[in-house]
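Please view the sequence and the structure together while reading it.

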Amino acid sequence: MKHNHDSKSRGIVYLVGAGPGDPGLLTLKAAEAIASADVIVYDYLAGHNFVDKANPDAELIYVGKTGKVHSVEQVDINQLLVSKALEGKIVVRLKGGDPYVFGRGGEEAEKLASAGITFEVIPGITSAIAAPAYAGIPVTHRDHASLVTFVTGHEDPSKDESAIDWSILARNPGTLVFLMGVKNIENISKRLLAHGMSPDTPAALVRWGTTPRQASLASDLEHIASECLKRGLSAPAVLIVGSVVKLRKSLSWYESKPLFGKKIVVTRSREQSRKMADKISRHGGEPILFPTIEIVAPIDYGPLERAMETISDYDWVLFTSENGVERFFKHFFDLGKDIRDLAGPIFGAIGPVTAKAIRLKGIRVDMLAKEFVAEGILEFFENQDLDGKRFLIPRAEKARDVLRDGLIKKGAMVDIVPVYRTIRPSGDDVDTIRNLFLNKSVDAVTFTSSSTVDHFADMMNGPDMSNLLHDTVVASIGPITSDTLVKYGVNPSVQAKEFTVDGLIEALVDYYDKGRSTELIP
Ligand code: SAH
């Protein structure tokens with residue numbers, strides 16, 4: 001490659017492997033290239049996982065192909081890459097798996113090279129390795145296979161002009177991995193058998209490997225095609241032939257995860273959904289984000305700002321949510337104040353997550369409610385004299401009054417100031433989500449506060465909620481949220497023991513662990 005062009009003025013093309021599906025398999029270098037890109041040209045199998053890593057201003061161009069349907073011809077893709085680079089753009093050409101494994105990445109690189117465009121290749125993890133790995137099949141193993149061969153299954157092996165020497169493949173003592181082979185699976189297996197490969201050679205198919213939709217199936221060479229047909233497995237899938245397939249029985253770690261294959265709706269606000277979604281994915285589930293809450297500024301910052309001016313006059317500052325903490329400090333610092341201005345009051349929190357958020361601001365938490373609800377705080381103050389004590393509670397504009405009433409009853413003076421407001425989002429995705437429920441394509445729905453329940457009911461049309469959720473596992477973060485669900489005629493099947501998101505996920509995992517069969521198919 002000649003590097004005699006200034007890459008800034010001439011642009012650059014990164015040929016990037018996006019990995020096979022699991023967003024965690026995107027390499028750091030790939031993520032960096034995506035973040036720096038002006039233009040991202042991506043395929044069907046590169047999926048949409050990268051979008052949150054891209055610059056919001058980046059131009060996203062889909063040139064996907066599925067099977068025979070090419071939305072953009074290869075020559076036009078080549079031309080696109082060249083012309084965008086000539087405009088001086090940073091171009092990422094994103095492909096599923098690895099760009100140089102059956103991805104026509106080599107051809108694109110040749111075109112770039114001959115047009116004098118600077119390019120770099122960022123290898124990705126190919127599905128030829130990752131899909132078997134997630135299905136419990138190591139492609140090599142000292143006792144089973146000392147070589148592995150990647151083969152395109154795209155060619156119809158019954159055609160004479162096949163570039164593949166099937167007699168060599170059939171005698172191959174290692175693992176064969178066929179990509180793009182599902183449609184031709186019958187011909188592939190017939191050819192191998194015709195060339196003398198043993199009919200009882202283990203064979204497996206892995207569809208949508210490394211994603212929550214992964215499905216795998218093991219059989220032998222003689223029966224794999226009919227089994228595939230029976231199960232209706234279609235592309236994208238890899239076919240693995242060789243004795244390593246036998247290891248799947250003991251090494252299937254991914255499909256045996258407790259939430260594997262479960263579609264789980266997350267109703268909290270988009271900002272707060274991230275961590276929860278990650279946790280669901282880590283347990284093998286597929287999070288579906290349906291924010292029923294949007295967190296916005298309070299209508300009037302006046303009360304909060306007045307409280308901030310006289311903050312050292314308070315004896316206690318109590319936070320009831322992580323959000324409250326974040327919003328409070330953001331506004332506090334925006335006003336030009338710093339933590340030295342907070343000397344005086346004692347800080348308290350409901351729940352460990354809220355407490356941690358306070359500590360991260362550099363402030364000790366001297367009171368942590370045992371029970372993660374307002375009643376827990378009241379319990380803490382049970383034997384204390386609060387006569388004349390001043391409390392500041394920065395929290396949501398609309399919230400339960402239990403805490404305030406309880407403290408006032410004990411003689412305290414309580415200022416509740418709104419630091420944020422939760423509203424119902426515009427909900428462009430309501431119809432899509434409602435249909436998922438109606439079609440029974442959702443396994444579970446999680447509610448992390450009473451507002452998520454109220455808003456969900458509202459968005460889905462209140463009275464229908466119990467019908468809508470009839471066949472869905474409903475998971476609640478704690479008793480107050482559960483009570484709200486019951487008001488809508490919904491009995492949650494799962495309630496967290498510890499009233500946190502972690503507790504909720506743990507409860508879901510327990511729920512599925514109990515009802516789960518550990519049998520693999522077949
Ligand atoms: N460059 C890609 C392969 C592109 S060819 C890579 O390195 O993975 C497309 C074929 O890849 C599909 O027909 C299928 O055989 C395979 N494939 C891609 N993603 C897959 C996945 N998540 N699970 C199983 N097979 C996959």
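1. Basis. This is a predicted model, in which local features need pLDDT of at least 70, side-chain atom pairs count only at pLDDT 80 or more, and totals for chains, interfaces and linings use all residues. Residues are numbered from 1 along each chain as its sequence is written, and side-chain values use heavy atoms, with hydrogens and water left out.

2. Ligand shell. There are 18 residues around the ligand (a heavy atom within 4 Å), and Val101, Thr126, Ser127, Gly209 and Ala237 come nearest. At least three shell residues come from each of domain 1 (12–125) and domain 2 (129–254), with bounds from an automatic or database domain assignment.

3. The protein covers 93% of the 540 Å² of accessible area that the ligand has on its own (Shrake-Rupley method, 1.4 Å probe).

4. Sheet. Five strands (DSSP E runs of at least two residues) form an open sheet with parallel pairing (at least two DSSP bridges), in the order S3-S2-S6-S1-S7. Strand S3 (59–62) and strand S7 (118–122) each have a single partner strand, so one side of each lacks a neighbour in the sheet.

5. Strand pair. Strand S1 (residues 12–17) pairs with S7 in the parallel sense over five bridges. Ile12 stands opposite Thr118 in S7.

Notes
Helices (H or I, at least four residues) and strands (E, at least two) are DSSP runs, numbered from the N terminus.
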